[in-house]
Amino acid sequence: MAVSLRVIPCLDVHDGRVVKGVNFENLRDAGDPVELAATYSAAGADELVFLDISASSQGRATTRDMVSRCAESVFIPLTVGGGVRSVEDVDALLRCGADKVGINTGALERPDVIDEIAGRFGNQVLVLSLDARREESMPSGFGVTTHGGRKSAGRDALEWARDAVARGVGEVLLNSMDADGTTSGFDLEMIRAVRAVVDVPLIASGGAGTAQHFVEAADAGADAVLAASVFHYQTLTVTEVKEALRAAGHIVR
């Protein structure tokens, strides 16, 4: 039986507020995380992603009180990421109400943590947050970045995605740092490239500006489509995106 394609709003949280910029720079306020979470849950979103985008760069854990408040306000799955480096961090976030936990910088610094988390909680809990951009020096042409896209990890994105899935990641959240916030469309070449090397669900992120962009990402192999600014600033609604996907022949809830 075919699985429904998921539409996922993303809350990029910085200092307690949802923010959005272009390529993670020139951030502007987009609202209160708890209020937005409740709004999207009521509007038919299939899941929510909560990313504490300054946690890794500031060397701290995700803001857990806010995660708890968001979890209490929604009735859909909640994925939380930012500053996750250990089994204990994952345990704490799950206890706060997260359904899944995203990891990026912590896994690149110590890949064995993926094995440890998957061994303790199962791979369905763990999402690889893969912030990638075009890097000519990498074999695939795509490199991995960390710290909110500010630093190159010196790793090929396809190699890292393949390795992380082999270690126990159950889902890949692929964010194109080049396209992020531009509203010029998803990086379809990147989506196809990652889709070809992983067999777990793939979430496409970065660049959505029109309903057709979501259709193109799904056509390229994404199992879920994620966006922030087009939803936060009401350029599009979740319903409009689902209607476009359905019209293009994709199964949605």
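Which residues are buried in helix α5 (residues 112–121)? I was working on a predicted model, and in it I found Val113, Ile114, Ile117, Ala118 and Phe121 buried. I then looked up where these residues sit around the axis of α5, and they cover an arc of only 130 degrees, which puts them on the same side of the helix. I noted the general rule beside this: an α-helix has 3.6 residues a turn, so residues three or four places apart point the same way.

Next I looked up what covers the buried residues of α5, and the list includes the helices α3 (87–95), α4 (105–109) and α6 (157–167) together with the strands β6 (100–103) and β7 (126–134). Just after α5 I came to glycine 122, which takes a positive phi of about 95 degrees.

I then turned to the chain, which has ten helices and twelve strands. Its C-alpha trace spans about 40 × 40 × 40 Å along the principal axes. For 253 residues a compact globule would have a radius of gyration near 18 Å, and I noted that the 16 Å of the chain agrees with this. Buried residues make up 61% of the 253 residues, and of the contacts with a separation of 6 or more, 65% come from residues 24 or more positions apart.

The chain exposes about 10100 Å², of which carbon and sulfur atoms supply 48%. I recorded 24 positive and 36 negative side chains, with the centres of the two sets 2 Å apart.

Technical notes
Residues numbered from 1 in each chain as written. Predicted model: local features only at pLDDT ≥ 70, side-chain atom pairs only at ≥ 80, totals over all residues. Heavy atoms only, no water. Buried < 20%, exposed > 50% of the residue type's maximum accessible area, 1.4 Å probe, protein only. Helix = DSSP H or I, 4+ residues; strand = E, 2+ residues; numbered from the N terminus. Arc of directions from axis to C-beta. Contact = heavy atoms within 4.5 Å. Rg over C-alpha atoms; globule rule 2.2 N^0.38 Å. Areas by Shrake-Rupley, 256 points an atom, 1.4 Å probe, with all protein chains shown as cover. Lys, Arg positive; Asp, Glu negative; His and termini not counted. Charge placed at Lys NZ, Arg CZ, Asp CG, Glu CD.
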